[in-house]
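Please examine the sequence and the structure shown here.

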Amino acid sequence: MPAIHRVLVPVDFSESSERAADYAVALARQLGAGVHFLHAWQMPVYAFPDGAVILGPDVVAQITTELQRSLDALVERHKEPELSVEGHLKQGLPDREIVRAAGELGCELIVMGTHGRTGLPHLFLGSVAERVVRTSNVPVLTVPPDRTKHK
């Protein structure tokens, strides 16, 4: 098995991604690897019969600032003296940005949460994790949601 020096952890700030972040940090600690948190987001476009509305630059700047704050807080929560932790914010299709970042950062493993959607929500929303698993050049470890909390 190849050595793992860098672990990429895509996050969307949900419970599922927090669980994956905790798992990835524990794993990285055991492997002596660094952790790269990544939040990839796509600018929303609202379609109407007569055209589309794209958010203005002020709104995009505000969204970016808030996302960076959330990412910085996540990095701060997981900082440890012997663990390298970094955060990265990318704009684009999440699955593509995750796979691209893994290559650019030289990550040997991706650890990401799944939302566990089924049926119509899965059909309409799709699965970022599923697309990453299909297109990644490095192994992807998926961490399921904590189903014991919802019983």
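Tyr46 counts as partly exposed because its relative accessibility is 44%; the term covers values between buried (under 20% relative accessible area) and exposed (over 50%), with a 1.4 Å probe and protein chains only. The model is predicted, so local features need pLDDT of at least 70 and side-chain atom pairs count only at pLDDT 80 or more, while totals for chains, interfaces and linings use all residues. Residues are numbered from 1 along each chain as its sequence is written, and side-chain values use heavy atoms, with hydrogens and water left out.

**The surface patch**

- Tyr46 lies in strand S3 (residues 45-48); strands (E, at least two residues) and helices (H or I, at least four) are DSSP runs, numbered from the N terminus.
- Together with Phe48 and Val53, Tyr46 forms a nonpolar patch on the surface, and the accessible area of the three is about 310 Å².
- Such patches consist of residues with over 30% relative accessible area and no salt bridge, where nonpolar side chains (Val, Leu, Ile, Met, Phe, Trp, Tyr) are joined within 5 Å and like charges within 9 Å.
- A salt bridge is a side-chain nitrogen of Lys or Arg within 4 Å of a carboxyl oxygen of Asp or Glu.
- Accessible areas come from the Shrake-Rupley method with a 1.4 Å probe, and for residues only the protein chains shown count as cover.

**Strand S6**

- Strand S6 (residues 109-113) is largely enclosed by the rest of the structure, because five of its five residues are buried.
- In a regular strand, side chains alternate between the two faces of the sheet.
- Strand S1 (residues 6-10) runs parallel to S6 and is joined to it by two bridges; two strands pair if DSSP finds at least two bridges between them.
- Strand S7 (residues 140-143) is also parallel to S6, with four bridges.
- Ile110 stands opposite Leu8 and opposite Val140 in S7.

**Strand S2**

- Strand S2 (residues 34-41) is largely enclosed by the rest of the structure, because eight of its eight residues are buried.
- One face of S2 holds Gly34, His36, Leu38 and Ala40, the other Val35, Phe37, His39 and Trp41.
- Five bridges join S2 to S1 in parallel, and Phe37 in S2 is the bridge partner of Val9.
- Strand S5 (residues 85-91) pairs with S2 in the parallel sense over seven bridges, and Lys90 in S5 stands opposite Ala40.
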